[in-house]
Amino acid sequence: MPAVVTAPAETTALVSLDSVKAYLGIIGDDQDQTLSGLISSASASCISYLQRPLALQEYRERIRVRGRMTAINLSSGPIAAIRSMSVGGRAVTALDELSVDRENARIEDVLPAAAACGFPHHGYDVEVIYVAGFLLPGMTAPEKGAADLLPLVVTPLPDDVAGGCLGTIQLLRCGQGRDPLLKTESVQGSDPRPGRPWTHLSGHFLLMPWPRSIVSPWQRTGWPDGADY
């Protein structure tokens with residue numbers, strides 16, 4: 001069962017309007033509407049390139065386990081909190097903080113929890129309700145739950161990702177109003193191949209080399225889902 005978002009993020013903007021204006025040296029609010037649009041486009045481009053959601057939100061995920069399970073990998077991270085967990089429909093009442101790798105969204109050892117629920121050796125479902133992602137600018141941090149299995153620890157968006165988003169906004173702004181048939185190599189970090197149209201910059205599928213090199217360490221590459229044996 002894929003992860004289901006049970007409490008969606010209130011925003012997916014990776015940078016604030018004020019930070020963009022400071023980065024670009026813009027004073028006044030005449031360009032606020034345009035800049036807000038660029039923030040949305042650049043944020044979507046970064047998220048698409050990284051192949052992972054970034055905004056803090058709540059998920060419900062069910063993982064089917066067969067055999068002797070040693071660990072499970074959740075679909076989204078970093079883990080901010082685990083609200084609840086059940087094994088074979090039975091609630092887990094305790095979870096060791098040391099058994100959870102928050103950054104990599106991994107519960108390292110669920111055997112004790114499975115054994116406590118009476119399912120040590122055969123197939124069963126593990127269902128986890130958890131909060132994962134980064135706290136974005138302007139986002140309200142979720143409240144701590146008294147019954148949380150893993151207490152809430154919020155991680156702010158990495159500076160590298162915010163910097164890559166700002167760089168993308170700069171490139172998008174430079175490309176506004178240009179002839180789409182012009183080459184793009186005159187702008188730092190843009191695609192050096194001749195004839196690459198500027199209209200491609202507005203698409204959420206494209207991230208130019210300069211910001212791409214900044215955010216690449218946070219790209220999801222082969223992040224495993226499900227159970228390890």
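How many of the residues in the protein chain are buried? Buried residues make up 44% of the 229 in the chain, where buried means under 20% relative accessible area, exposed over 50%, and partly exposed in between (1.4 Å probe, protein chains only). This is a predicted model, so local features need pLDDT of at least 70 and side-chain atom pairs count only at pLDDT 80 or more, while totals for chains, interfaces and linings use all residues. Residues are numbered from 1 along each chain as its sequence is written, and side-chain values use heavy atoms, with hydrogens and water left out.

**The overall layout**

The chain has five helices and nine strands; these are DSSP runs (helices H or I, at least four residues; strands E, at least two), numbered from the N terminus. Going along the sequence, you get β-α-α-β-β-β-β-β-β-α-β-α-α-β. Take the contacts (heavy atoms within 4.5 Å) between residues at least 6 apart in sequence: 77% of them join residues at least 24 apart. The chain exposes about 11,300 Å², and carbon and sulfur atoms supply 53% of that; the areas come from the Shrake-Rupley method with a 1.4 Å probe, and for residues only the protein chains shown count as cover.

Helix α4 (residues 159–175) has 17 residues and spans 24 Å from its first C-alpha to its last, close to the 24 Å expected at 1.5 Å a residue. That expected span is 1.5 Å times one less than the number of residues. Its buried residues include Val-161, Cys-165, Leu-166, Ile-169, Leu-171 and Leu-172.

**Salt bridges**

Side chains of opposite charge can pair when their charged atoms come close. Here the structure holds eight salt bridges, each a side-chain nitrogen of Lys or Arg within 4 Å of a carboxyl oxygen of Asp or Glu.

Helix α2 itself covers residues 32–50. Not counting residues up to four places away in sequence, Asp-32 touches Leu-17 and Lys-21. Lys-21 is buried, at a relative accessible area of 14%.

Arg-60 lies in strand β2 and Glu-127 in strand β8 (residues 124–132), so the pair ties together parts 67 residues apart in sequence. Arg-60 counts as partly exposed, at 25% relative accessibility.

Which residues does a cis peptide bond join? They are Gly-77 and Pro-78, with omega about -5°. Pro-78 sits in the loop between β3 (71–73) and β4.

Gln-51 has a positive phi of about 60° although it is not a glycine. You'll find Gln-51 in the loop between α2 and β2, where Gln-51 is exposed at a relative accessible area of 51%. Ala-105, also not a glycine, has a positive phi near 55°. Ala-105 is in the loop between β6 (100–101) and β7 (106–107), and Ala-105 counts as buried at 0% relative accessibility.
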